[in-house]
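Reader: I have a structure to look at and would like to know what lies behind the words used for it. Could you take me through them?

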Amino acid sequence: MNRTRDRHRPRGVLAALCAGLVLTVLAALAPYVDRATTHLLADHTRAGYPTYTQTEIDSAVQTYLVVLTAVGVLGAFAWLATGWAVRAGRRGARPAATLLFGLGVTVGLAGLLTRDTSGMTGLPPALGWAGMAPCVAGLVAVVLLWRRPRRTWT
């Protein structure tokens, strides 16, 4: 590989993308840790739906686990694909990263703010904010991508 090209790789961008990947994996694992320890999601569901039986609460928690796992897997794939595109110096890396950042913020805010039929947010605030954490790394990556002239890293 050409040493000049290596020297101009956007290491800060790649570091932000790696941080985003790690934060996404941690956010996807958080509901499983919660289920095994603090039961925030189950307690939050119980508070919103006091007439639910334990079986219904368990079913709701399981549904959230499936949905949040799917979001985490898709998010991890997006981080990896963006990292590959940036590392390869692909022309569409900047707009793709920006689009994925917008999508990630939208999904994160939906998890944090969307209210269900009980009038409460679907996720407890701690899990909602955990879902927003990768967006910080995404913002850093997008800002660094657009600040750096493309010609210096391809």
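**Reading the terms**

Author: This is a predicted model. Among contacts in the protein between residues at least 6 apart in sequence, 76% join residues at least 24 apart. The protein has six helices and zero strands, and from the N terminus on its elements run α-α-α-α-α-α. Of its 154 residues, 33% count as buried.

Reader: What makes Thr45 count as buried?

Author: Buried means under 20% relative accessible area. Thr45 has 7% relative accessibility, so Thr45 counts as buried. Thr45 lies in helix H3 and touches Tyr52, Ile57 and Ala60, leaving aside residues up to four places away in sequence.

Reader: Which residues of H6 are buried, and what covers them?

Author: The buried residues of H6 are Leu127, Gly128, Met132, Pro134, Cys135, Ala137, Gly138, Ala141, Val142 and Leu145. Their cover includes helix H2 (11-36), H3, H4 and helix H5 (93-113).

Reader: How do you know that the span of H6 is close to the one expected?

Author: Helix H6 covers residues 125-147, which is 23 residues. From its first C-alpha to its last it reaches 33 Å, and 33 Å is also what is expected at 1.5 Å a residue.

Reader: Why are H5 and H6 called roughly antiparallel?

Author: Angles over 145 degrees count as roughly antiparallel. H5 and H6 pack at about 165 degrees, with their axes 9 Å apart. That makes H5 roughly antiparallel to H6. H5 passes H6 in a left-handed crossing.

Reader: Which residues make the contact of H5 with H6?

Author: From H5 they include Ala93, Phe101, Val105 and Leu109, and from H6 they include Trp129, Met132, Leu139 and Trp146. By class, the contact of H5 with H6 has 15 nonpolar, seven polar and one charged residues.

Reader: Why are H3 and H4 called oblique to each other?

Author: Helix H3 (residues 40-48) and helix H4 (residues 54-87) pack at about 125 degrees, with their axes 9 Å apart. H3 and H4 are therefore oblique to each other. Their crossing is right-handed.

Reader: Which residues of H3 meet which residues of H4?

Author: Leu41, Ala42, Thr45 and Arg46 in H3 meet Gln54, Ile57, Ala60, Val61 and Tyr64 in H4. The residues of this contact divide into six nonpolar, two polar and one charged.

Reader: What makes His39 partly exposed?

Author: The class runs between 20% and 50%. The relative accessible area of His39 is 36%, so His39 is partly exposed.

Terms used
Residues numbered from 1 in each chain as written. Predicted model: local features only at pLDDT ≥ 70, side-chain atom pairs only at ≥ 80, totals over all residues. Heavy atoms only, no water. Axes fitted to C-alpha atoms, helices over the stretch in contact; angles between N-to-C directions. Helix = DSSP H or I, 4+ residues; strand = E, 2+ residues; numbered from the N terminus. Parallel < 35°, antiparallel > 145°, perpendicular 65-115°, else oblique. Left-handed = near helix turned anticlockwise from the far one by under 90°. Contact = heavy atoms within 4.5 Å. Nonpolar A, V, L, I, M, F, W, Y, C, P; charged D, E, K, R; others polar. Expected span 1.5 Å × (residues − 1). Buried < 20%, exposed > 50% of the residue type's maximum accessible area, 1.4 Å probe, protein only.
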